[in-house]
Every structure is written in C-alpha cells, then in structure tokens.
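Have a look at it first, then read on.

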Amino acid sequence: MTGPLPGPAVQEILGRYPAAHQRSAVMPLLRLAQEREGHVTQEAMHEIAGILGLTPAEVLAVATFYSIFHLKPKGRHVISVCHNLSCSLMGAEEILEHLEEALGVGPDSETTPDGAFTLEHAECLAACDIAPCVQVDYDRMLGPVTPRDVDALLAELRTGAGGAA
Ligand code: FES
C-alpha cells in the first residue's frame with residue numbers, strides 16, 4: 001500500500017471534467033490507482049468513491065466491468081492468450097492448455113506462486129493476421145505461436161531482458 005492517491009494528480013484529473021460531471025473521472029482515477037499499486041486495491045476504491053461522491057459499490061462496478069482494471073496483484077510478466085474466433089480456429093486452446101500446464105495455473109488471471117507469471121485469456125487483440133497470438137505484458141505481440149514458441153518465451157522471460165522471472 002502506497003497511501004492515498006497524490007493530490008496534485010487527482011486534481012489534474014478532476015480538472016478535465018466540468019463540475020457537474022466529476023463522476024466521469026472514475027476511470028482515470030482507477031487507472032491512477034492501478035499505476036501506483038499494480039492493481040486496484042479496496043482502499044483505493046473507497047478513496048475514489050469518497051472523492052467523487054459515489055458508493056464503493058459503484059466504483060467496484062466500474063472496476064470489474066472493464067478488463068483493463070485488475071483487482072488482484074499480477075505477476076511480473078502477464079501472458080495474455082487470445083481466444084477469439086481467428087485464434088481459436090488456429091489453435092489458441094492448445095496454446096492456452098500448454099501454458100496452463102507449463103505454469104501450473106489456470107487461465108483466469110491466475111498467478112504462479114513465485115509471482116513470476118500471470119496467465120489470462122484475452123478477447124481479440126487485433127492481431128488476427130498472426131493467429132494464434134499471445135501478448136506479453138500488454139505490450140509485446142507474438143504470433144503465430146506454437147507450444148514450442150511459448151516454451152521459448154517462458155525461458156526467455158525467466159532469464160532474459162524482461163527481468164528475472
Ligand atoms: S482473434 Fe485473436 S487477435 Fe483477433
């Protein structure tokens with residue numbers, strides 16, 4: 001826990017919205033909280049609710065509706081496996097099952113006990129032309145991938161430039 005959200009950053013965000021529409025700041029405030037902690041904490045949701053005059057349940061509803069917000073800590077590396085139509089047709093389920101077995105976790109944002117990896121399935125990542133595709137840390141897109149490719153990826157992430165995993 002890093003403490004309350006920084007006042008200047010909160011004021012900058014609130015300043016983007018007319019006084020009558022301050023509640024619209026809920027998403028950037030959730031994003032600010034997530035950037036500080038790596039995920040959105042209960043404390044942050046209560047704080048945001050207080051800032052905006054919402055109930056904590058209303059803030060939670062927004063945080064759980066959008067997949068960009070994480071309510072649990074993530075691993076040092078997040079591996080997202082697309083499982084929409086193109087990727088499914090091209091073998092995404094095999095990739096996901098291979099990663100589940102290799103990491104010993106399920107695909108619903110589960111994190112390995114050592115905190116190295118979070119595995120999640122993703123909706124279309126807009127890279128259908130390289131299906132089946134995998135995204136690393138919401139940034140790096142790989143595809144088309146095979147089980148052998150994801151083995152190489154895990155080995156690289158465990159030892160590579162992405163930091164010891
Ligand atoms: S279906 Fe996988 S990237 Fe579009």
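Start with the largest pocket: 26 residues line it, and Ser 67, His 70, Lys 74, Glu 120 and Tyr 138 lie nearest its centre. Keep in mind that this is a predicted model. The pocket's volume comes out at about 700 Å³.

Which elements give two or more residues to the lining of the largest pocket? They are listed here.

| Element | Residues |
|---|---|
| helix H4 | 56–65 |
| strand E1 | 77–82 |
| strand E2 | 108–111 |
| strand E3 | 117–122 |

E3 gives the most, with three residues.

E2 and E3 run antiparallel, and three bridges join them. Glu 110 stands opposite Leu 119 in E3. Together E2 and E3 make a hairpin, with five residues between them. In the turn, Gly 115 has a positive phi of about 75°.

Next, look at a pair of helices. H2 covers residues 26–37 and H3 covers residues 42–52; they pack at an angle of about 145°, and their axes are 10 Å apart. Their crossing is right-handed.

What meets what between H2 and H3? From H2 come Val 26, Leu 29, Leu 30 and Ala 33, while H3 brings Ala 44, Met 45, Ile 48, Ile 51 and Leu 52. The residues of this contact divide into nine nonpolar, no polar and no charged.

Key. Residues numbered from 1 in each chain as written. Predicted model: local features only at pLDDT ≥ 70, side-chain atom pairs only at ≥ 80, totals over all residues. Heavy atoms only, no water. 1 Å grid on protein atoms, 1.4 Å probe; cavity = no way out; pocket = protein on both sides within 12 Å on 5 of 7 lines; lining within 4 Å. Points joined across faces, edges and corners; volume = space filled by probe spheres on them. Helix = DSSP H or I, 4+ residues; strand = E, 2+ residues; numbered from the N terminus. Pairing = 2+ DSSP bridges. Axes fitted to C-alpha atoms, helices over the stretch in contact; angles between N-to-C directions. Left-handed = near helix turned anticlockwise from the far one by under 90°. Contact = heavy atoms within 4.5 Å. Nonpolar A, V, L, I, M, F, W, Y, C, P; charged D, E, K, R; others polar.
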